[in-house]
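Please read it alongside the sequence and the model.

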Amino acid sequence: MTTGSDALAGQTVVLRPTGPQHVAAFIEILHHPEVARWWGGYDLERVRRELLGPHGYAVELAGEVIGLVIFYEENDPDYRHAGLDIALHPDAHGQGLGTDAMRTLIRYLFNRRGHHRIVIDPAAHNERAIRSYRRVGFEPVGVMRRYERGTDGSWHDALLMDLLREEFIG
């Protein structure tokens, strides 16, 4: 599939570098109740500050934004790795689109950014996400206790999962 020079083509989805044109779609996705329970607190300013830029991609299906995927990098040579996170509109759940988006970004992080390990840290009780991440090859490493504050204001555990280059299914 032909994409813009900075876009990443998956089997079905295209990851397009984020820009101001994606803000409205991201707000709509992140405010959907099924997404907001995991991605609470994203107002216009936070979306602009945290989700736009060189480490974010809009997930597109047939030219329509259905989600977002972001990554960060630890560049200390003794600890070098990348981490990622993803959110899809619930209408796109259950179709393998998130798996395709993750595999596409992971290939980029391994092959073009030179990482050997990638981490992700879903809420420990987000069973749907954990199943999806396991399909890509992520394995549980351990529980990070009281890791993140939930939308209800209380602290919740997260599951640290990682994926090594040689374990990647994709």
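In this predicted model, arginine 49 and glutamate 50 are joined through their side chains by a salt bridge with an N to O distance of 3.5 Å, a salt bridge being a side-chain nitrogen of Lys or Arg within 4 Å of a carboxyl oxygen of Asp or Glu. Salt bridges with shared partners connect Arg46, Arg49 and Glu50 into one network. Local features need pLDDT of at least 70 and side-chain atom pairs count only at pLDDT 80 or more, whereas totals for chains, interfaces and linings use all residues. Residues are numbered from 1 along each chain as its sequence is written, and side-chain values use heavy atoms, with hydrogens and water left out.

- Because arginine 46 and glutamate 50 lie four residues apart in helix α3 (residues 44-51), about one helical turn separates them; helices are DSSP runs of H or I with at least four residues, strands are E runs of at least two, and both are numbered from the N terminus.
- Arginine 49 is exposed at 52% relative accessible area, while arginine 46 at 23% and glutamate 50 at 36% are partly exposed (buried is under 20%, exposed over 50%, partly exposed in between, with a 1.4 Å probe and protein chains only).

- Glutamate 60 and arginine 16 form a salt bridge whose closest N and O atoms are 3.0 Å apart.
- This pair connects distant parts of the chain, with glutamate 60 in strand β3 (residues 56-61) and arginine 16 in strand β2 (residues 14-17), 44 residues apart.
- Glutamate 60 is buried at 9% relative accessibility, whereas arginine 16 is partly exposed at 27%.
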